[in-house]
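Here is a short briefing on one protein model and the ligand it holds. Keep the 3D view open and find each part as you read.

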Amino acid sequence: MIQFLLNRELRTEQQLDPNVTVLNYLREHLAKPGTKEGCASGDCGACTVVVGELANVDGRECVRYRTLNSCLTFVASLHGKQLITVEDLKHQGKLHSVQQAMVDCHGSQCGFCTPGFVMSLFALQKNSSSFSKAETMEALAGNLCRCTGYRPIIDAAEQACCQKQPDQFDVFEAQTIAQLKAIAPAETAELNSGDKRCLLPLTVADLADIYAANPEARLLAGCTDLALEVTQFHRELPVMIYVGHIESMKRIEVTERSIEIGAATALSDCYAVLAQDYPDFGELLHRFASLQIRNQGTLGGNIGNASPIGDAPPLLIALGAQIVLRKGAESRTLSLEDYFIDYKVTARQEAEFIEKIIVPRPQANQAFRAYKVSKRLDDDISAVCAAFNLKVVDGTVQTARIAFGGMAAIPKRASACEAVLKGAAWYPEIIEQACAALAEDFTPLSDFRASKEYRLLTAQNLLRKCFLELQAPEVETRVTAYV
Ligand SMILES: Cc1cc2nc3c(=O)[nH]c(=O)nc-3n(C[C@H](O)[C@H](O)[C@H](O)COP(=O)(O)OP(=O)(O)OC[C@H]3O[C@@H](n4cnc5c(N)ncnc54)[C@H](O)[C@@H]3O)c2cc1C
Ligand code: FES
Ligand code: FES
């Protein structure tokens, strides 16, 4: 049985197909059509809803509100949380201030994108103390409108953030906190229908036991990748195990030597800590999908899906990250680069899962640069992703770890390129030799994102760009490249 709040109404579900998305649940099971389906693949934001979770900010208990794409979220993951949809904003016959701002600023033309925009603006208003254009652009990057244009919507964001007044969610906050505490998961839950099941353990040990007993199960983290199997490929997932309730897998611990990130940590939560040590990692995470996807997608899922164009793996490999894999009571630590074997083939054994990711902290003389090249700046997948982790002392390259995504069947180190650089002078002629060596390292493919020639040339140019940036660090050349 799972329980969650639909706004402030308690909902209990026992027998529901775990393959049902929140979008279909709202529209087809609850006859709430306010939330719209545009793409059913996480690309348009029409289906945006807001999920509230208990949080503690500066010692104050509160509800943290975040957007997510309901088309990519299975209902089971709502267990213990509050779901807010566009239908919940109007209160006592009066539009919510973000809805009123959309009306006042002429931010809406059609009914398809507007509910999603309204929900993104609602979460933005909840999480901001004042108007910031940069935050607004980030909040709206996952919402597409093909007609109105964004200027009036940004005006609406400004009005909503500048004229923020307590709303019904503030008035009822204490009551919502009490309701959420009352339904906080206390034991492994299960949602099922016929022979389809989703299990929701609370501890790593329970996850290990349940996975060992159900090795055919699919692990479900943020769902942003897995849900596509259902919504795009029309497959059914008979058994799933949701890892999002395991607190220790959502924890980030920073020690003197490393950052340990639980595999189920949302990408939004990884941002602050990784950006602090490695600003380019922060920039990459800013450009990773949309805010909705980053709020739900996890670092473990980005590794677990073993995509050759996943953005975090090349950066983590270049940084020398390790992963802790767990199976039953046994744990092992593996270099991330050894995890990826071939296209979608990994070193993960049956019933084994990624428990955490260990990222080394920066050392003296270490320079780290990462670049994502994609057709659009926001909400797009990389054609090529490059990460350079170098130690250059007195003009000589002491160590070089270089990795690319989009250049091979797996995220992969550029060993021949590294070999040219190691021990060599940090000098243009050497960089050209290292660029030539990239052609030995990689034989990229052509696809709809880029041709093989484009990919190789881009990889070489990114090395040249890295060289120029490190030559003249005082010049801010870290302009993000895109096709
Ligand atoms: C519109 C859109 C845009 C996207 N943009 C980007 C992008 O810019 N860059 C990018 O890299 N990706 C992108 N993605 C892909 C996806 O969002 C990311 O890969 C995300 O990190 C997946 O995490 P998740 O938690 O949602 O994984 P899930 O969908 O829950 O799981 C993905 C896979 O990993 C497995 N898995 C999950 N957790 C674990 C674990 N702990 N141990 C072992 N296996 C596990 C699952 O079983 C599943 O096979 C995008 C996806 C969409 C829909
Ligand atoms: S329907 Fe397009 S993002 Fe969900
Ligand atoms: S107003 Fe809806 S797509 Fe532009």
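The points below go from the whole chain to the ligand, then to strands and single residues.

This is a predicted model. The protein chain has 483 residues, and 56% of them are buried. Its secondary structure comes to 18 helices and 20 strands. The radius of gyration is 23 Å, close to the 23 Å that the globule rule gives for 483 residues, so the chain is as compact as a globular protein of that length.

**Overall size**

- The C-alpha trace spans about 70 × 55 × 45 Å along its principal axes.

**Around ligand 1**

- Which residues come nearest to ligand 1? Of the 33 residues around it, they are Leu219, Gly222, Thr224, Thr298 and Asp311.
- The shell holds 15 nonpolar, eleven polar and seven charged residues.
- Three elements each supply at least two residues of that shell: strand β8 (218-220), helix α13 (299-304) and strand β16 (353-360).
- Thr298 places a polar side-chain atom 2.7 Å from an oxygen atom of ligand 1.
- Ile354 uses its backbone instead: a polar atom there is 2.9 Å from a nitrogen atom of ligand 1.
- Lys372 has an N or O atom in its side chain that is 2.9 Å from an oxygen atom of ligand 1.
- How much of ligand 1 does the protein bury? Taken alone, ligand 1 exposes 990 Å², and the protein buries 94% of that.

**Strand β16 and its partners**

- β16 supplies residues to the ligand shell, and it is also mostly covered, with six of its eight residues buried.
- Strand β11 (residues 258-262) runs antiparallel to β16, and five bridges join them.
- Within that pairing, Glu260 has Ile358 of β16 as its bridge partner.
- Strand β12 (residues 322-327) also runs antiparallel to β16, joined to it by five bridges.
- Here Val324 stands opposite Lys356 of β16.

**Strand β7 and its partners**

- β7 (residues 196-200) is mostly covered: four of its five residues are buried.
- Parallel or antiparallel: how does β7 run relative to strand β6 (residues 189-193)? The two run antiparallel, and five bridges join them.
- Glu190 has Leu199 of β7 as its bridge partner.
- β6 and β7 form a hairpin with two residues between them.
- Gly194 sits in the turn of that hairpin and has a positive phi of about 60 degrees.
- β7 runs parallel to strand β9 (residues 239-242), with three bridges joining them.
- Cys198 pairs with Met240 of β9 as its bridge partner.
- As background, strands of a sheet pair through backbone hydrogen bonds, either parallel or antiparallel.

**A four-strand open sheet**

- Four strands form an open sheet in the order β17-β18-β19-β20, with antiparallel pairing.
- Why does one side of β17 (366-373) and of β20 (412-413) lack a neighbour in the sheet? Both stand at the edges, each with a single partner strand, so one side of each is left without a neighbour.
- β20 pairs with strand β19 (residues 396-405) in the antiparallel sense over two bridges.
- Phe404 has Lys412 of β20 as its bridge partner.

**Asn295, a buried polar side chain**

- Asn295 lies in helix α12 (residues 291-296).
- Buried or exposed: which is Asn295? Asn295 is buried, because its relative accessible area is 13% and buried means under 20%.
- The side chain of Asn295 reaches the backbone oxygen of Thr67 at 3.0 Å.
- A polar contact of 2.7 Å also joins the side chains of Asn295 and Ser268.

- Most residues other than glycine have a negative phi.
- Ala289 is not a glycine, yet it has a positive phi of about 50 degrees.
- Where is Ala289? It is in the loop between α11 (279-286) and α12.
- Ala289 is buried, with a relative accessible area of 15%.
- Asn365, also a residue other than glycine, has a positive phi near 65 degrees.

Note on methods:
Residues numbered from 1 in each chain as written. Chains lettered and ligands numbered in written order. Predicted model: local features only at pLDDT ≥ 70, side-chain atom pairs only at ≥ 80, totals over all residues. Heavy atoms only, no water. Buried < 20%, exposed > 50% of the residue type's maximum accessible area, 1.4 Å probe, protein only. Pairing = 2+ DSSP bridges. Near = heavy atom within 4 Å. Polar contact = N/O pair within 3.5 Å; in protein donor to acceptor, adjacent residues only side chain to side chain. Areas by Shrake-Rupley, 256 points an atom, 1.4 Å probe, with all protein chains shown as cover. Nonpolar A, V, L, I, M, F, W, Y, C, P; charged D, E, K, R; others polar. Rg over C-alpha atoms; globule rule 2.2 N^0.38 Å.
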